[in-house]
Amino acid sequence: MSTLIRPKTDTVTTAPTLRGPVRVLLRLHRKALWAGAALLVIGIGIVVALRVWMASSPVRCADGDTTRCGDDFYVSSYAHTSAEGFLVNGGTVLVFLAALIGVFVAGPLIARELESGTFRLAWAQSVSPAHWLAARLAVPAALTVTGLTVLVVVLRWGLWALRAGPDSPGLRWYASGVFPGTGPAILGYALLAVAVGALCAVLVRRTLLSMALSALVLAAVGIGLSTRRYLLWPAALRQGEEGPKLLRDSDWHLEGGMLTASGSKVYWRDCYHAGSVEGYDACMRDRGGVTPFAEVHPASHYWPLQLVETGILLALAALAVFAAFRALRRLHG
């Protein structure tokens, strides 16, 4: 356990601010800042180049798929399919970048100073432990949120040139590679990454171990939310229609089946053994199915899902920040 007894002085000092620690931090890690700026410029350049390339090789129809266009079939241009291949995972890339910032905060930014003892130099110069940690939270949080906001705007601009048709489900609004990077949820991931990195660094105080633990925690949160995202908002129930009328291209289809006369649900998955459309229908009727239904998230659920996920991430980030300051105070006074 590390402790630090501050020397008593009779001089009157002004109230401490974050300005000095922030300047020191920016100067100390200027190479990392330049690297982050370079990644930002590269990301913007890739999306702009893909958008320009698509504009120079237009396709005949607006949905961007191999599909019927009037009386003819057409195949999307090579530029279009290549851009789709890059942008389909844009949201995943942004989440990975946010996690990378958290790992950097956990290791070189905080844990390395605690492990080497260089934090004592700052604390001996009228910088309290709370101000020291606050600067190491505020700087990466502000820079990461600013950079990711720019990338979200650019990614959305690039995706506008693409359309999710029947042959490109990976481009739809709910796709795991698209959804987290097209709205405020990515900012929640960024702030959570910074907070978790700080908490792991303060608790572990070992550079490599703090980085590994941060990556593990952030991966668990990301995977957990992506696999349970459909539960964050009540699904809409559609019933009483057949085939395409029951589902729309923009729907996130969750479950389907038939309602019985009493209103109970019989799901199609219970009849997978049937093996054919006629077999499915007979199986459902045998189980009492009367009216087809589907549980879906329509496109109008995009913002509720985004805001709920963002709220969860911000709540977890606030909890991690609180725990980091409490741990720092308990360990170092």
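Predicted model: local features only at pLDDT ≥ 70, side-chain atom pairs only at ≥ 80, totals over all residues.
**Contacts along the chain.** I began with contacts between residues at least 6 apart in sequence, and found that 78% of them in the protein chain join residues at least 24 apart.

**Overall make-up.** I looked up the secondary structure next, and the protein chain has ten helices and six strands. Of its 333 residues, 41% count as buried. The accessible surface comes to about 18,100 Å², and carbon and sulfur atoms hold 65% of that.

**Aromatic pairs.** I then turned to the rings and got a count of eight aromatic pairs. I checked tryptophan 173 with tryptophan 252: the ring centres are 6.1 Å apart and the planes sit at 80°, over the 60-degree cut-off, so the pair is edge-to-face. Tryptophan 173 is in the loop between α6 (129-159) and α7, while tryptophan 252 is in strand β4 (residues 252-260), 79 residues apart.

I noted tyrosine 174 at 16% relative accessibility, so it counts as buried.

Where does this lead? Ring pairs join Trp173, Tyr174, Phe179, Trp252, Tyr302 and Trp303 into a cluster.

**Two arginines.** I found arginine 51 over the face of tryptophan 157, 4.7 Å from the ring centre. Arginine 205 lies in the loop between α7 (185-204) and α8 (207-227). Its phi is near 60°, a positive value in a residue other than glycine.

Technical notes
Residues numbered from 1 in each chain as written. Heavy atoms only, no water. Helix = DSSP H or I, 4+ residues; strand = E, 2+ residues; numbered from the N terminus. Buried < 20%, exposed > 50% of the residue type's maximum accessible area, 1.4 Å probe, protein only. Contact = heavy atoms within 4.5 Å. Areas by Shrake-Rupley, 256 points an atom, 1.4 Å probe, with all protein chains shown as cover. Phe/Tyr/Trp six-rings, centres within 6.5 Å; stacked < 30°, edge-to-face > 60°. Lys NZ or Arg CZ within 6 Å of the ring centre and 35° of its normal.
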